[in-house]
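I opened my notebook to look up a structure piece by piece. These are my entries, in the order I made them.

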Number of protein chains: 2
Amino acid sequence: MKLEKLVGDRFKERPSDCQIDSHAIMVRGGYIKYVANGVFSSYMPLRRITKKIEQIIREEMDKIDGQEVQFPVVMPASLWEESGRYTSVGSELLRFTDRNGSKMLLGMTHEEAAVHLVREYGQSYSKYPFMIYQIQTKFRDEARPRGGLIRVREFTMKDAYSFHTSQEDLEQYYAKCHKAYENVYRRAGVPEVISVASDSGMMGGSISHEFMLLTPVGEDSIAICEECGYSANVEAAQCLYDGISTLENTELQKIHTPDKHTIEDVCEFLGSSPQKSVKAVVYQKNLDDRYVVVFIRGDLDVNETKLHNRLGEDFHPAVITEECGLHAGFIGPVGLDADCDVFYDRSLEGMHGLVCGANEDDYHYIGFSCARDADIKEYGDYAKISDGAVCPNCGKHSIKVSRGIEVGNIFQLGTKYTKTMNMTYLDANGESHYPIMGCYGIGVGRLAASVCEAHHDDYGPIWPMSIAPWQVHICAVRSDDSEVKQTADTLYEQLQNDNVEVMYDDRKVSAGVMFSDADLLGIPLRAVISPRNLKDGVVEISSRDKSISVKIPVAEAAAELKKLIAQMLDMYK
Amino acid sequence: MKLEKLVGDRFKERPSDCQIDSHAIMVRGGYIKYVANGVFSSYMPLRRITKKIEQIIREEMDKIDGQEVQFPVVMPASLWEESGRYTSVGSELLRFTDRNGSKMLLGMTHEEAAVHLVREYGQSYSKYPFMIYQIQTKFRDEARPRGGLIRVREFTMKDAYSFHTSQEDLEQYYAKCHKAYENVYRRAGVPEVISVASDSGMMGGSISHEFMLLTPVGEDSIAICEECGYSANVEAAQCLYDGISTLENTELQKIHTPDKHTIEDVCEFLGSSPQKSVKAVVYQKNLDDRYVVVFIRGDLDVNETKLHNRLGEDFHPAVITEECGLHAGFIGPVGLDADCDVFYDRSLEGMHGLVCGANEDDYHYIGFSCARDADIKEYGDYAKISDGAVCPNCGKHSIKVSRGIEVGNIFQLGTKYTKTMNMTYLDANGESHYPIMGCYGIGVGRLAASVCEAHHDDYGPIWPMSIAPWQVHICAVRSDDSEVKQTADTLYEQLQNDNVEVMYDDRKVSAGVMFSDADLLGIPLRAVISPRNLKDGVVEISSRDKSISVKIPVAEAAAELKKLIAQMLDMYK
């Protein structure tokens, strides 16, 4: 098509409200337009990209015997009441009533709809395994949409659901799907995406993986072992400790620490260090404001996801009142008599010689021994893994924490949904069981934005040929020159006749405007036809990533471009 | 794929809640599953059909320079407040608030979103004309969803919006789009769809057309002239009268008509006929309950759409109270002193010698003359056209009213949205104008259901090759016979290698079950491999519409099927 006719504006200035590059590029290049918080319209270039991504996903899902179906965006609350999620999911689930007062909701994921669709079909073991998927609009009422298409409220997602009669069968299929996801990312031009173990969150189930594009602007933190390759979302990464045997096992002794409320202050005052201290982190449960105290080694932070999984309910940072019996800044395991739930992080297990609060204003203990001085029934894993931590796989102090964008996730759900929604099948012996489920998601728009985030320069995106909005961008520099115009017109026609996807810029604008527009569209191949080139009888062909820059005789330009397209498409097969 | 693995159940019995055949077939054949009132999930066969329909639509829209974009499903109320439709549209517009209390809505059409997307882009005349479209989920909170996919609440629709700098340009484009729509219906296998003039309703604008599939189960009524081919939705069809000069112009005379409330009773009592009577039809405005009386010839009915367009507000059938001054059954133009709005239908213009109510219980007038006895300022067109009425085009009494399903509509919107939303462009002289818009919709699911409604038999749908879920259905009758199994397997493989879309039934079930399942899937070509056929060395190839039934040597079966597919695809080019 002609660039002159492309709906959407392109401009140079980075919008001030764009925190990350892909967001800025998508706005500057005429890909998206803001409609409401976390809600965007897409212009043609992005729609062409997302269609190609959708097609890649579809092909990979079909290859693993997925059957494309379609679930509704709007669902009756009753469906989610069956699974219990109508009440268990927070306000990110958008609930409303229809004209008849029926309770409805906007689908943010479709486990319930999937079980509903196949509940009757799947009554015999002989029907298993099977997988159904859809590519459909979803809405998640995010509290803080951000980063353009990275975290939105409305999005297009491929969500797939598999059904099995054994855990082994699920695991086999899960591995196939993991491979299919790798294929999707490779074909979409981001083979660098890695899979990491993750927390299953509100989805339920046990084993799950997230696919992460590592980038400093990502909002997820991922623990990666530089020795063995282990990787997990920080939310899910297990924390191990090899114990600090170097501390002396001294006597418990109460010390006056006036106005020393923070770990840092106390350590400085006592000449100790956070590693040798017990930190108390206090929350309150959302439901009844009951206090929850987590004791953890002073240099570590609480991983609230792990705590949430342990508590099974929502909580918030505590407001410590005078009446509650807690002495803010001086809370410790010894003599804590406030009415609260107490948890001990595994980092304290076997430790002694520690500093901790004395549950009395302006007093701490030194020489605290977990085994000797407190009645600790259980240690749990509530800590956030950090740089230099012990790798739970190889045991070395080799964990490095990186940032990443989650571009997909897969879950082994188990029977959470089939049980609550009473989906059963009869096995070969006529006995009734609940099918075992897996679910598998990829956000289409977020993947497009992630590719842009991973592959761009200051001037715009560098789209991989496999998902590029067009394959070739013809720039007719000085189209008022009749030879330029005629040569460019001919090339445009030749390429179109060969089903090449061509963007043709024959506007009467400067080469500068032309090239900066071309950079913003990020089309992988560019053909420049100008009076200067034509003097030498050539077309200048270059790639957006600058790896190719050749001058080709006019008559051979179309063939050369087609050859390059085929080569570049091959890279993403 | 193998039928054994196809998710979804098929069965013989017509579900009792299905009023129309396509609904029953879609349920019986495993195409859809009910989720909530007017909300369905689709199984794979329907999803494959809708994908093909979407692709046909896409190609036709691209051919007329449409640019595919994507608007949000969820929109902020503020956008619809700009156009005024946030309040003007009734409860079919689903409104709700998000977690922050912001007013939002579910898109049922996207004129506002379209203007929003191009408002900045379209500031110069040089950018015009252009057309943008999307294929996206929509939600319309219908009061009475019915007929399976015919009238639903959630649906996938292609909606297109064109922008122009002159009415002539709009009209040219409108004609192109009309042609594109004809192409879509032809290619989807329903060339019998006709276009009819329609009422623009809540869309605003003037000229509009609906595309109708004529069928007795349709919920729209269409007036078609059997002489000249004129056609219009009954809601929009203009009513003309050639006057009844045969009536005598007699004196106005009051007659005692005790307990004669209805036209029929009065006519019988007075020996008159409805054609010679004035009927009073009474409504009340929704807003303030004010009465509205429409006087119309006794044999005609009021077209409430026309009345709505005249009033510009909603109304409902009246509840006539004792105090209101109206005498139910005896209301007439003479001496009507109740506080109400009065409208006279054009059917009364120039008439005399009529019977009408006397605005007094148990009394009517005879000999009423519109010109002589009442002060009528204006006659309007408020009547519903009916069989035998005058064709507004050729003037003959040749109107026939048929039923139809609306499978698409196109509107000339004018400047309704650009004006209210303040979208302007500068012309070549630097003067500011509002662009002129057109909009163009096709419901994808409804089109699929309509094709099924138009082309089915008692056993299932007869899908056109162009949108069929698969192209060939192989039935291996007696797949326990090793020769049958091997022959069928080979044919399946051959066809798949040639990218033919094959459904393969090698289940160990009776031929009866196999064929009734095949009928329900409605795949255009069937290849039956059975011991009996193999004795003669042939495969039985037949078409679902029964026009083809041949026996082909096994070795030639694949080639024959491919030839037939190509021929059948050609029919819909």
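The entries below go from the ground rules to the whole chain, then to the pair of chains and a few details.

**Ground rules.** I am working with a predicted model, where local features need pLDDT of at least 70, side-chain atom pairs count only at pLDDT 80 or more, and totals for chains, interfaces and linings use all residues. Residues are numbered from 1 along each chain as its sequence is written, and chains are lettered from A and ligands numbered from 1 in the order in which they are written.

**Chain A as a whole.** I looked up the helices and strands of chain A and found 15 helices and 31 strands. The C-alpha trace of chain A spans about 95 × 65 × 50 Å along its principal axes. Of its 573 residues, 50% count as buried. Buried means 20 or more other C-beta atoms within 10 Å of the residue's own; exposed means 12 or fewer, and partly exposed is in between, with C-beta atoms placed from the backbone.

I checked contacts next. Two residues are in contact if their C-beta atoms, placed from the backbone, lie within 7 Å. Among the contacts in chain A with a separation of 6 or more, 71% join residues 24 or more positions apart.

**Domains.** The assignment for chain A gives domain 1 (55-215 + 401-447), domain 2 (253-380) and domain 3 (470-570). Such bounds come from an automatic or database domain assignment. I noted 43 Å between the C-alpha centres of domain 1 and domain 3 of chain A.

**The two chains.** How is chain A superposed on chain B? A rotation of 180° with 0.0 Å of shift along its axis does it, with an RMSD of 0.1 Å. That is the relation of a two-fold axis. In chain A, the C-alpha nearest the axis belongs to A:F96, 3.1 Å from it.

I then looked at where the chains touch. Here 41 residues of chain A are in contact with 40 residues of chain B. Elements of chain A that each supply at least two residues include α2 (44-63), α5 (111-118) and β7 (130-139). By class, this side of chain A has 23 nonpolar, 8 polar and 10 charged residues. Ala, Val, Leu, Ile, Met, Phe, Trp, Tyr, Cys and Pro count as nonpolar, Asp, Glu, Lys and Arg as charged, and the others, Gly among them, as polar.

**Helix α1 of chain A.** Is this helix enclosed or open? In α1 (residues 21-28) of chain A, 8 of the 8 residues are buried, so the helix is largely enclosed by the rest of the structure. The buried residues of α1(A) pack against several elements of chain A, including β1, α2 and α13 (511-521). After α1(A) comes A:G30, with a positive phi near 70°.

**A:P392.** I found A:P392 in the loop between β20 (379-380) and β21 (399-414) of chain A. It counts as partly exposed because it has 19 C-beta neighbours inside 10 Å. Leaving aside neighbours within four places in sequence, A:P392 is in contact with A:Y230, A:Q238 and A:L240. The C-alpha atoms of A:P392 and A:Y241 are separated by 9.4 Å, though the two are 151 residues apart along the chain.

Notes. Helix = DSSP H or I, 4+ residues; strand = E, 2+ residues; numbered from the N terminus. Least-squares fit on C-alpha atoms with pLDDT ≥ 70 in both.
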